[in-house]
Amino acid sequence: MSMTSANLKALLSEHSLDELKQLIRRERARKSLAAFCQYVDPSYQLASHNLKLIAALEKVERGECKRLMVSMPPRHSKSETSTINFPTWYLGKHPERDIIIAANATELAETFSRKARSKFEEHAEALFGVRIA
């Protein structure tokens, strides 16, 4: 949507500047996994390795990549990005689809699943207009 001066004046008359900034943050978070990661966790670092991972995950979301294997050193946000934030963002954009969160240990998979569900419950309705039934 292109912003005309009339649209801008209408928005400014209806919302405070802080409300407009929040609306823009939400819109960016809906469209971009990187923006979503920062929306749900303002301390999330968009380092170059995270941007590469996010680009690959966005290809998965668009259907351009059917299988993705991620190999990164520990403590590089791989789990936070790919098994918590990505499933939350993906299901918000595609609530009609299913997703499985897996790990090499049951406890780890359950932890990731709980965290993803919690983030979904906290943010999905405001960002995507969906919620868990």
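Trainee: At what angle do the axes of helix 5 and helix 6 cross, and within what distance do they come?
Mentor: The two axes cross at roughly 40° and come within 9 Å. An axis here is a line fitted to C-alpha atoms, for helices over the stretch in contact, and angles run from 0 to 180 degrees between N-to-C directions. Before we go on, a note on the source: this is a predicted model, in which local features need pLDDT of at least 70 and side-chain atom pairs count only at pLDDT 80 or more, while totals for chains, interfaces and linings use all residues. Residues are numbered from 1 along each chain as its sequence is written, and side-chain values use heavy atoms, with hydrogens and water left out.

Trainee: Why is helix 5 called oblique to helix 6?
Mentor: Angles under 35 degrees count as roughly parallel, over 145 as roughly antiparallel, 65 to 115 as roughly perpendicular and the rest as oblique. The axes cross at roughly 40°, and that makes helix 5 oblique to helix 6.

Trainee: Which handedness does the crossing of helix 5 and helix 6 have?
Mentor: The crossing is right-handed. A crossing is left-handed if the near helix is turned anticlockwise from the far one by less than a right angle, and right-handed if clockwise. Residues making the contact include Ile 84, Trp 89 and Leu 91 of helix 5 and Phe 112, Ala 116 and Phe 120 of helix 6; contact means heavy atoms within 4.5 Å.

Trainee: How do the residues of that contact divide by class?
Mentor: The contact of helix 5 with helix 6 has seven nonpolar, five polar and four charged residues. Ala, Val, Leu, Ile, Met, Phe, Trp, Tyr, Cys and Pro count as nonpolar, Asp, Glu, Lys and Arg as charged, and the others, Gly among them, as polar.

Trainee: What makes helix 3 and helix 6 an oblique pair?
Mentor: Helix 3 (residues 33-40) and helix 6 (residues 106-128) pack at an angle of about 120°, with their axes 12 Å apart. That angle makes helix 3 oblique to helix 6. The crossing of helix 3 and helix 6 is right-handed, and the contact is made by Phe 36, Tyr 39 and Val 40 of helix 3 and Lys 119, His 123, Leu 127 and Phe 128 of helix 6. By class, this contact has five nonpolar, one polar and one charged residues.

Trainee: Why is helix 3 described as largely enclosed by the rest of the structure?
Mentor: Seven of its eight residues are buried, so helix 3 is largely enclosed. Buried means under 20% relative accessible area, exposed over 50%, and partly exposed in between (1.4 Å probe, protein chains only). The buried residues are Leu 33, Ala 34, Ala 35, Phe 36, Cys 37, Tyr 39 and Val 40, and they pack against helix 2 (17-31), helix 4, helix 5 and helix 6.

Trainee: What caps the N-terminal end of helix 3?
Mentor: Ser 32 does, through a side-chain oxygen that lies 3.2 Å from the backbone nitrogen of Ala 34.

Trainee: How do you know whether His 94 is buried or exposed?
Mentor: The relative accessible area of His 94 is 13%, so this residue is buried. His 94 is found in the loop between helix 5 and helix 6. Its side chain makes a polar contact with the side chain of Glu 61 at 2.6 Å. A polar contact is a pair of N or O atoms within 3.5 Å; within protein, one must be able to donate a hydrogen and the other to accept it, and residues adjacent in sequence count only if both atoms are side-chain atoms.

Trainee: What makes Arg 75 count as exposed?
Mentor: Its relative accessibility is 85%, so Arg 75 counts as exposed. Arg 75 sits in the loop between helix 4 (48-62) and helix 5 (78-93), and has a positive phi of about 65° although it is not a glycine. Most residues other than glycine have a negative phi.

Trainee: And why is Ser 77 called partly exposed?
Mentor: Ser 77 has 29% relative accessibility, so it counts as partly exposed. Ser 77 is placed in the loop between helix 4 and helix 5, and its phi is near 70°, a positive value.

Trainee: How many helices and strands does the protein chain have?
Mentor: The chain has six helices and zero strands. Helices (H or I, at least four residues) and strands (E, at least two) are DSSP runs, numbered from the N terminus.
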